[in-house]
Amino acid sequence: MLKNRIIPCLDVKNGRVVKGINFVDLKDAGDPVEQAKIYSDGGADEICFLDITASNENRDTIYDVVEKTSKKCFVPLTVGGGVRSVEDINKLLNCGADKVSINTAAVENSKVVIDSSKKFGSQCIVVAIDAKKNGEKWEVFTHGGRNNSGIDALKYAKQMEDSGAGELLVTSMDKDGTKSGYDIELMKKITSNINIPVIASGGVGTLDHLVDGINSGASAVLAASIFHYGTYSINEAKEYLASKDIPVRI
Amino acid sequence: MNVTIVDYKSGNISSVINSFKEVAKDKVTIEVTSDLNKIKSSDKVVLPGQGSFKSCVDALNKIKGLTDTLNEFAINYKKPLLGICVGLQMFADVGYEETETKGLGWISGKVSKIDNQNGKYKLPHIGWNQINIVKDSKIFKDIENNSHMYFVHSYEFVPNDKKVVSATTDYSSNIVCSVEKENIFGTQFHPEKSDRIGLKIIDNFINL
């Protein structure tokens, strides 16, 4: 039986982890490579890096991080943040990323998704959707949540599936950072409408939230702070999901 | 000993390279090449594959003499070869992804889309699934039945002769996820992304 995945996400800026886990035995708490290794040793089903480097001159730092991580972690590695073109995707894959997530570039030009999924295969193309509720619908935001595209998130999700995305990473901007749980209504609407796997993101504060995320139809749940701050270990999260009859890899 | 990972420009093989190098350490030389002479002289060959069946077959055929060299290696000389993901699928006679495409024809059978049962099963089949070992395979030495492996695919290999099947996984139906036919091995899952247990499979292949 296919297991539901738990994916810890690390924010990386200028090659360093922002708000990372703070374990006593860590030699360098800001080193994304070492943190990723802790997660993969701890049973993470995949690792996700979100590059939030703002300035262009430091953008190359992520390639070095990915290259080093892929030599130490033998679980899938997804990298996103600032991916603009097929060439960016090519570079990340060559450094050892297994999947690349595309956000703003996919909204601006779906050809990036079409071309890259044809070139590299759908299995490595994740489209990240940042959605915010507006009245009865959800709208897609770009540029790290700063710009409202006005595009309907449900229609967009379907369009990305048709364009060749292998997975969708759906983040609720209303919930992100609130620790009040995923936007279950949004997840249900999107997962029931498309046939590719969805990774739920944004809002996890407790282990029950992970359970709710899976029960809303998501194939995987992504979380950052509950793991960073050591509130829960990956293994505790998995044990808890298993106790609620959710299939996980233990 | 040297093991060659065939680099025929079919998507991303960095993870395959990294995992083989990790397992090989200094004992075994890992070559990454499409050089026909190097392939001919290697002890073992790994055939990775990402993207569609058609794109991988096209990429193989683009390199002059590569298919013949692989045929010679695996069929005439019967040296060990491991196909991963679409690398395994290409063992078939024919694949139906994008359009009907002729495969290598090493293990008779076809590659067709997984039945998603009207949307009941999401495709691609992405994530960790357990393997059901149905026959002893040399690459499963010290691998427990029901171990978890990492999968990413929408198409499945359906061999005519079920005796080649060494493991299946349950997704929509019992999907063939590992084959062994004499010197030819293949995994639909990604041992290079399946944590320590996956590295053990790579180790088993290297140590054949």
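Select B:P124 to begin: it sits in the loop between β7 (109–113) and β8 (125–133) of chain B. Strands here, like helices, are DSSP runs numbered from the N terminus, with at least two residues of E for a strand and at least four of H or I for a helix. Turn to the bond between B:L123 and B:P124: the peptide is cis, with omega about 0°.

Before moving on, note that this is a predicted model, in which local features need pLDDT of at least 70 and side-chain atom pairs count only at pLDDT 80 or more, while totals for chains, interfaces and linings use all residues. Residues are numbered from 1 along each chain as its sequence is written, and chains are lettered from A and ligands numbered from 1 in the order in which they are written.

Stay in the loop between β7 and β8 of chain B and pick B:Q117. Its phi is near 50°, a positive value in a residue that is not glycine. Is B:Q117 buried or exposed? B:Q117 is exposed, with 9 other C-beta atoms within 10 Å. (The cut-offs: buried means 20 or more other C-beta atoms within 10 Å of the residue's own, exposed means 12 or fewer, partly exposed is in between, and C-beta atoms are placed from the backbone.)

Next, select B:E98, in the loop between β5 (94–95) and β6 (101–102) of chain B. B:E98 is another non-glycine with a positive phi, about 70°. It counts as exposed, having 12 C-beta neighbours inside 10 Å.

Now show helix α4 of chain B, residues 66–76, and colour B:T69, B:L70, B:F73 and B:A74, which are buried. They lie on the same side of α4(B), because they cover an arc of only 115° around the axis (the arc of the directions from the helix axis to the C-beta atoms). On the face turned away from that buried side, look for the exposed residues B:D68 and B:N76. What covers the buried residues? Among the elements doing so are α2 (36–41), β3 (44–47), β4 (81–84) and β13 (184–187) of chain B. After α4(B) comes B:K78, with a positive phi near 50°.

Time to cross over to chain A. Where the chains meet, 27 residues of chain A are in contact with 30 of chain B (contact means C-beta atoms, placed from the backbone, within 7 Å). On the chain A side, α3(A) gives the most, with three residues.

Zoom in on β5(A), residues 99–102. A:K99 and A:S101 point one way, A:V100 and A:I102 the other, and all are buried. Three bridges join β5(A) to β4(A), residues 77–80, and the two run parallel; strands count as paired if DSSP finds at least two bridges between them. Here A:G80 stands opposite A:S101. Three bridges also join β5(A) to the parallel strand β6(A), residues 125–134, where A:V127 is the bridge partner of A:I102.

Finally, zoom out to chain A as a whole, with its ten helices and eleven strands. Its C-alpha trace spans about 45 × 45 × 35 Å along the principal axes, and 54% of its 250 residues are buried.

Notes
Contact = placed C-beta atoms within 7 Å.
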